[in-house]
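Biologist: I have the model open and would like to go through it with you. Can we start with a charged pair?

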Amino acid sequence: MCGIIGYIGSRSCLDIVFDGLKRLEYRGYDSAGIAVLHDRHISITKEAGKIDNLKPFLSQLPAAAQIGIGHTRWATHGTPTKENAHPHISDRLALIHNGIIENYRELKQELQDKGVTFRSETDTEVIAHLLGQELKGGTHPQEALMRVIQRLEGAFSLALITDQDDQHIYLAKQGSPLVIGLGQNENFFGSDITAFVSYTQKAVFLHDGECASVGRNEVKLWNREGQELPLKTTVLQWSPGSADKQGYRHYMLKEIHEQPRVISKTTQAFAPEGVLNHEALGLNSIQLEKVKSIHIVACGTAYYAGMVAKYFMEPALGLPVNVELASEFRYRDPLLMGQGQTLVMAISQSGETADTLASLKLAKDKGCQIFSICNVAYSSIHRESHGSILMHAGPEIGVASTKAFTSQVLCAYFWSMAAAEKLGRLSAKDKEARLQELKSLPLYMDQALNAEEHIAELANSLYEYPNFLFVGRGPNFIIALEGALKLKEISYIHAEGYAAGELKHGPIALIDKHMPIVAIAPHDAYYEKTLSNIEEIRAREGFVIGIGDEKDSRLRDLSQLYIPTPKMNNPYFQAILATVAVQFLAYYIAIKRGTDVDQPRNLAKSVTVE
Ligand code: F6R
């Protein structure tokens, strides 16, 4: 959601900034822009729509410029037009912003009363003019930035260039992510590391309230009070090529295919040689013995991963586990026990989701222990937590989450096993059996991926239906929810997931021969019950697409279309295999409908505003 990239160095900045914008495309956006500083003159180009719309205008920017900032905007205040796109300008400066300024109306009024004319409907332009007024009065850019951010309420990461200073770019962070990449005689910054990871793997993560000046050879950091801070450099683990498509048509397809490898890496990290690694699972950083209840908070697909986790975590630990949407949790005054008795666990791929982060902060203020499962190291959620697990999924670029979901479920599963072990609730025999099956999961996953061609074929007869239902029981109820979410977000088809046992309480009224129902029913403890529900669907002429065991003739006979999955004993691993089927189904239906699979309309990969 909004992306920021910047470069200062001794090379031409145009390609670097443009390339950075393309790498940030996945975050979701509806307009883009670039500003460069050359010979003490600022030049800007910005356009609504795709980043490529900027291409014809790049030649109008000075090719020799070595200082540049770029922005992808996801509209919040004001429609996605060229005028509202960033950079915004004021006297002698250009500014880009990620976040929301909550008190922008008052500030705008104040500026208008002073005769300032606004060119856009954005909250960002207010910051540009406040800075412009400071600079006009002769204030040094660093001081101007410090003064202005004290007047802003809300979340922001900002980057400012001014013709008063052709040696630095100025940055500020509050609430929205910002990270600096350190190079040789050149420096970069971005909303996340994908913006510059192909140039450098040395990074400095800004914290809330911090400002920075970024020069070619030096980076300075200072806090709200103006005190200079030491630079804490982190060496990034993601390799430069890991954020590329590697020959796949879409990132989403590549990421679906990466799942067996993600599972192997996860198992290697958390249970090398059959021993659960309590340190890597964050258990050494929390006081588990104090915990009386667990709240999992997350959004979207990560929330569904939490819902699957509840099924295994509660019996494993003998503790109540509540799973809640972070956007609800943070505003409803939840009953939380202080002194570390409630453990609040955030699940987030990006580690930057605004509602999830706010939920953690709220829980922290109430004296809970806070824990997170994140894919992005040093993300805000990761840094906010007392204990954490870092997923081993690698960068997820496709907006629709696939490998991150699998990885989140597995991380929660490992955590749950290790926590049970620590509480004396996991027998050696049980552990051994589970780890044994986990070892074979990547192989089964590979087999599940073999269904790709068959599912692509099925999509030909499904893509024109306007509505879908997905049903399942137990963990596969959650996979039904996830399957419906995947389908609606990338194909724009209306889809709903239901617990199969809930059909009779309302949704069965929707069923007729025009309604495709994806029914997930592997041979597990819920099988017979789900099959009865499927019989009821057929009795009403519903169009059943079954997902079940390869050898299951009963479900196959009940289904008009069938997607076989390999058979595993553990119901959660089996549910992961069914996930591959719903991911492919959504993907190939979207392909048939010709949608933008990796960047579906209106969506952002990292939802940094609430
Ligand atoms: C759906 C999807 C979203 C995210 C949600 C949370 O495919 O990707 O629903 O799961 O926005 O994002 P994170 O995990 O980054 O907190």
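Biologist: What does D208 form with K361?

Modeller: D208 and K361 form a salt bridge, with the closest N and O atoms 3.7 Å apart. A salt bridge here is a side-chain nitrogen of Lys or Arg within 4 Å of a carboxyl oxygen of Asp or Glu. This is a predicted model, where local features need pLDDT of at least 70 and side-chain atom pairs count only at pLDDT 80 or more, while totals for chains, interfaces and linings use all residues. Residues are numbered from 1 along each chain as its sequence is written, and side-chain values use heavy atoms, with hydrogens and water left out.

Biologist: How is the protein divided into domains?

Modeller: There is domain 1 (3-242), domain 2 (244-446) and domain 3 (452-593). The bounds come from an automatic or database domain assignment.

Biologist: How far apart are the C-alpha centres of domain 1 and domain 2?

Modeller: Those centres lie 33 Å apart. Domain 1 gives 14 residues to the contact and domain 2 gives 16, where contact means heavy atoms within 4.5 Å.

Biologist: And what area is buried between domain 1 and domain 2?

Modeller: About 1300 Å², with carbon and sulfur atoms giving 56% of it. Buried area is the accessible area (1.4 Å probe) that two parts lose on being put together, summed over both.

Biologist: How many salt bridges are there between domain 1 and domain 2?

Modeller: The count between these two domains is one.

Biologist: New topic. What is the strand order in the open sheet of eight strands?

Modeller: The order is 3-2-4-1-10-9-11-15, and the pairing is antiparallel. Strand 3 (41-48) and strand 15 (234-235) are the edge strands, each pairing on one side only. Two strands pair if DSSP finds at least two bridges between them. Strands (E, at least two residues) and helices (H or I, at least four) are DSSP runs numbered from the N terminus.

Biologist: How many bridges join strand 2 to strand 3?

Modeller: Eight bridges join strand 2 (residues 31-38) to strand 3. I34 has T45 in strand 3 as its bridge partner.

Biologist: Back to charges. Which side chain does R23 meet in a salt bridge?

Modeller: R23 meets D19, at 3.2 Å from N to O. Both lie in helix 1 (residues 13-24), four residues apart, about one turn of the helix.
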